[in-house]
Amino acid sequence: MAPDGGALTLILLCDAEVRSGGSAALTLRAGNPTAGEVRIPLFASGGWAFEPVVRDAGGREVWRRAPGRLAGTADELVLAPGEHADFAAAWDLRDREGRPVPAGEYRLSGRLLGEDGGVVGQAEAACPVRVLP
């Protein structure tokens with residue numbers, strides 16, 4: 001099958017609550033709902049093709065993992081019909097400047113990046129996380 005992010009289902013899984021000083025685990029699950037094989041060249045290997053983004057309750061971007069800062073070789077996502085692959089990341093509950101975020105509600109979203117760094121697909125829904133004191 002030709003590279004087509006539209007052939008994927010992307011679901012973001014995350015911790016519902018985390019305590020300040022900890023970290024929130026995130027998983028982007030890419031699934032192939034089609035009857036054919038899906039092949040998509042990715043931005044990088046080792047899960048770095050997954051770009052998580054964190055926004056506060058007001059919608060302001062708080063943190064984004066910047067995979068472009070890392071060196072690595074590209075990889076190819078190959079999924080048979082009905083198969084899925086998981087891409088993992090962790091948010092250390094800090095903002096872009098490295099400061100701890102205050103307790104409160106946050107919404108995490110995730111994108112899968114293709115070999116050129118462009119977006120192949122976005123998770124179907126954001127994942128809410130409550131940071132506890």
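Which residues does Arg65 touch, not counting residues up to four places away in sequence? Let's keep that one in mind while we look at the whole chain.

What you have here is a predicted model. Of its 133 residues, 39% are buried. Among the contacts with a separation of 6 or more, 71% join residues 24 or more positions apart. The accessible surface amounts to about 6,900 Å², and carbon and sulfur atoms contribute 50% of it.

Leaving aside residues up to four places away in sequence, Leu8 touches Gly31, Pro33, Val38, Ile40, Leu77, Leu79, Leu112 and Val120. Asn32 is 24 residues from Leu8 in sequence, yet their C-alpha atoms are 5.1 Å apart.

Now back to Arg65, in the loop between β6 (61-64) and β7 (75-79). With residues up to four places away in sequence set aside, Arg65 touches Gly47, Trp48, Phe50, Glu51, Pro52, Ala88 and Ala89. Arg65 is buried but has no salt bridge. Glu51 is the nearest side chain of opposite charge, at 8.1 Å, whereas a salt bridge calls for a nitrogen-to-oxygen distance within 4 Å. The side chain of Arg65 does have a polar atom 2.7 Å from the backbone oxygen of Phe50.

Technical notes
Residues are numbered from 1 along each chain as its sequence is written. This is a predicted model: local features need pLDDT of at least 70, side-chain atom pairs count only at pLDDT 80 or more; totals for chains, interfaces and linings use all residues. Side-chain values use heavy atoms; hydrogens and water are left out. Buried means under 20% relative accessible area, exposed over 50%, partly exposed in between (1.4 Å probe, protein chains only). Contact means heavy atoms within 4.5 Å. Accessible areas come from the Shrake-Rupley method with a 1.4 Å probe; for residues, only the protein chains shown count as cover. Helices (H or I, at least four residues) and strands (E, at least two) are DSSP runs, numbered from the N terminus. Lys and Arg count as positive and Asp and Glu as negative; His and the chain ends are not counted. A polar contact is a pair of N or O atoms within 3.5 Å; within protein, one must be able to donate a hydrogen and the other to accept it, and residues adjacent in sequence count only if both atoms are side-chain atoms.
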